[in-house]
Structure formats: structure tokens, C-alpha cells
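Welcome! Please take a moment to look over the sequence and the model below, and then read on for a short tour.

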2 protein chains.
Amino acid sequence: MLVIGDEILSGRTRDENICEVADVCTQGGIDLREVRIVADVEDDIIAAVNALRARYTYVFTTGGIGPTHDDITADAIAKAFDVELPYNDEARAMIEKRYGDKALSPSSLRMARIPLGASLITNSVSAAPGFCMENVFVMAGVPIIMRAMLANIAPTLKGGRVVAARTIKVGVGESTIAKGLGAIQNQYPEVKIGSYPLMGKKPVYTEVVLRSSMLEMLDEATQKVQTLVDETHLIHGVIIN
Amino acid sequence: MLVIGDEILSGRTRDENICEVADVCTQGGIDLREVRIVADVEDDIIAAVNALRARYTYVFTTGGIGPTHDDITADAIAKAFDVELPYNDEARAMIEKRYGDKALSPSSLRMARIPLGASLITNSVSAAPGFCMENVFVMAGVPIIMRAMLANIAPTLKGGRVVAARTIKVGVGESTIAKGLGAIQNQYPEVKIGSYPLMGKKPVYTEVVLRSSMLEMLDEATQKVQTLVDETHLIHGVIIN
């Protein structure tokens, strides 16, 4: 995923799109491997898009496809793919329809510029479309629009086996169970076991998350962690709710 | 900035550290140029650290320095810099002091492994330190610990001129002011003008944000945008609160 926008990097706006894309990927059996956030700088966008599209099956971008001068994502994508960026009749018709009788300004028309060869991603919120260029899905940065676009493309994505997750709460700090967890991880390489301390809360506790697409392995490993945790709680006398 | 952690990419945990680092950078006159989020995969961490530390003045990492098997950031950093990862006496003393009379487990001791040549970043929350290796600052992923570490290193960072920001609310969609804004942007290249539509809210409005370290330019450009907005509101009869 590539998040494009000065406002995220300056701290002015807190990103809301990464966890949306992450959720949709996880639910669809797609392993989100990397996210990059870059500024509204054409060369930076081009470099990131080219690095990511060469490396991964899909790339999702958010941000920079509006009508103002700082919206340069379509330009950058066209340059990354070395294609023209003409006005797209279909995109223009979508925007005109939304504007009704009002004349389209050159600024609104800017949103109808789509790289040659791309297909459109419709959105019901603002009408201005995103687009898909080969394996790169270009979406809006405004979360309500991004979600509408993501909902439209999600059914078209090919995922692998869906990864299931199990969470076990542990009423002690993670150091106490670290050795046992490591042993279980070694025994079940197909299950990814993560340990997440919840600090700043009393009583201290830890969440252990097991993830795998192989359900039988997952349940076996989960049972072993549960046994480890039960024994640890017996020793440390901890009860958590 | 490099965020390390499966839990962010799976959507299980929503990152809280990016906007903290972004805020501290902005306040210190440091231009945050790029963020990457990678999984708990050693090769991915090494590749990202090496790419970022070659390109930027500072790199801030978060995540993966706890006591469990999935905490591999220290190992990856040592490999990225091609140095040893010995137990650090000072780090060990910090952790032992917090544990008091209790014997240190091998898992807790894991957190005292610090790449050779790094200096420690103390934290008052969990006692286990982060570290700074050349231009790379390695911090915890747990937000409350990360903030304590960030507060300790912030005064040591060298920033440029602090970038000031001005925000103007506009009671119309951004297409309406796009042309005028673009003209002002062309006139003031030293001022970065961003336009952010607030969708899903009625009435529709837009925030224009101007950012520059050159205050006189910034105020001039802001005045021009304000005049543009006043005229636009006169034409469109919009009053916003």
C-alpha cells in the first residue's frame, strides 16, 4: 500500500486508510506486506509506485486524486507507467452527471484525467472515479470515498487461503511466557505467534495472537499456548477477566 | 520512519506512533519524508533500514524490541550495520534494577542485547532501553514506551527552521477554489499549499493549509488565499462557522 500526502507526514491528519486496507486484505486472504507513506512529490511517488508494483501482486494507493494543484497522483502514475494522461470520456460523464446543469470547471475536469489503459474505480460518494492501472489500484484519500472505492474493488481481488487468528489473554507480562512461547513457535512454523504487551494498564497483561491459514495446526498450537498460560497463571496466581 | 510489526499490517492493531513521530518532527523543524511499515521478517527489516538510513538524515524505528521470539529488530539492525549483538552491561543494569530482587529470565535478558557501538535510549515506563545506532533511532512499539523514548531523544535532534502552518476554512467544495489556489501556489513556491475536502459532513467544506518556514511569505500567501475565499463566499453566499 502507498499512502500519498503531506498532511499525513506533517502530523496534521491522522491516517485512517491503512487499517481499512489491512482489514480488507486480511479478510480476503491477501497478505499485506508493506506500506509506504510519501509526500506530494512527484519523483517520490513514481519511485515508490515502481518499487512496489514490481515487488508485489497488488498495490493500493490512497490520496492525491482531487481537483487541486496538490493532487498529482494521476500524473505520477502515468509517468511511472510511461503512458499518456488524457481526459477520459467515461470519467468525465460520471463527474458531469453529478454536477448536473452546472458547467464543469477546468478544476473538476482535472479529475477526469486517467492514465491511458487504466480502468475506472467508481465511487458513489463524490462521483469522481479512481482507477486501476495493471496491478496498481489508485484511490482517493478522503476516507469515506476510499472506503466506497475499496468496497468496489475488493470482490475482484484474488486472495489466498484466509488467515484465521486466535487471541489468548495472559495475566502476566510477556517476559514470563516468552521462553514457552518461543518453543511453541519453533514447533509450529506454519503458525505465526505474536506477543503484545498492554502497557499503561493495571493489571499488566499480554495478548498472544496466533495466525495461520492451516486451521488444524492453528488449533493445536493455540491449545499448547492455552496450556502454557494456564500453568503460568497457576504459578503466578493470576486471574484475568 | 520505519514501523515494524505484523500486527499493524494485519489490521489487528491501529498504529499510534506515526502521528507522534510526525508531530515531534514538525515541531522540531524536521521534515518527515517517508514512512514504511514492514512485517516481523528479518530480511524485510534489514532492507528497509538500509534503504532509509542511506537516504535520510535520521531514521526512527518502532516495534520489535521486547522479550519474545517475534522481537527481532535488534538482530536485524545489527545485521544491517554488520556488527555484533552482545549483552550490554548498562542495559542489563537498567533492566535488573527494575526487576529488583527477582532473577532476570533469559527472555528479559534478551532486551539487553544491543548492537555494538550503539548508545542507549532510556525509558521510564518499562526500563528496557531502545538504542541509537549512527542515524537510526530504535524505539519500542508500545505507544506509552515509544513516547517516553521519543521525549528523550527529541532534544538531541537537529532540525531546520520550524515550518509554520496557517489553516483557512472554506465553505465550498475544493473544485470551486482550485484555480485560484493553483495561481497563488505558483506565485509562492516557498509556501506549500494543501487543500483538504471534508466529505461526509454537511455543509461541505474545505480546509486550505499553508505551510512554510518563511513567515513573511507565508503571511502574504495566506492573505491572498483569504481574499480568494472571501470573494468566493460573496459569490456563493456561504457563511461557515
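The C-alpha centres of domain 1 and domain 2 of chain A are 39 Å apart. In the assignment, domain 1 covers 2-156 and domain 2 covers 164-236 of chain A; such bounds come from an automatic or database domain assignment.

A word on reading what follows: this is a predicted model, in which local features need pLDDT of at least 70 and side-chain atom pairs count only at pLDDT 80 or more, while totals for chains, interfaces and linings use all residues. Residues are numbered from 1 along each chain as its sequence is written, and chains are lettered from A and ligands numbered from 1 in the order in which they are written.

**How the two chains relate**

Chain A can be laid on chain B by a rotation of 180° with 0.0 Å of shift along the axis, giving an RMSD of 0.0 Å. That is the relation of a two-fold axis. Arg36(A) is the residue of chain A that comes closest to the rotation axis, with its C-alpha at 2.2 Å. Because 100% of the interface residues of chain A are also interface residues in chain B, the copies meet through the same surface.

Helices (H or I, at least four residues) and strands (E, at least two) are DSSP runs, numbered from the N terminus. Which residues of H3(A) are buried? They are Ile45(A), Ala48(A), Val49(A), Leu52(A) and Arg53(A). These residues cover an arc of only 120° around the axis, so they sit on the same side of H3(A); the arc is taken from the directions from the helix axis to the C-beta atoms. Asp43(A), Ala54(A) and Arg55(A), on the other side of H3(A), are exposed. Here buried means 20 or more other C-beta atoms within 10 Å of a residue's own, exposed means 12 or fewer, and partly exposed is in between, with C-beta atoms placed from the backbone.

The cover over the buried residues of H3(A) includes these elements of chain A:

| Element | Residues |
|---|---|
| strand E1 | 2-4 |
| strand E2 | 34-38 |
| strand E3 | 59-62 |
| helix H4 | 73-81 |
| strand E6 | 136-139 |

**Strand E3**

E3(A) is covered on both faces: Val59(A) and Thr61(A) are buried on one side, and Phe60(A) and Thr62(A) on the other. E3(A) pairs with E1(A) in the parallel sense over 2 bridges, and Leu2(A) stands opposite Thr61(A). E3(A) also runs parallel to E6(A), joined by 4 bridges, with Val136(A) as the bridge partner of Val59(A). Strands count as paired if DSSP finds at least two bridges between them.

Key. Least-squares fit on C-alpha atoms with pLDDT ≥ 70 in both. Contact = placed C-beta atoms within 7 Å.
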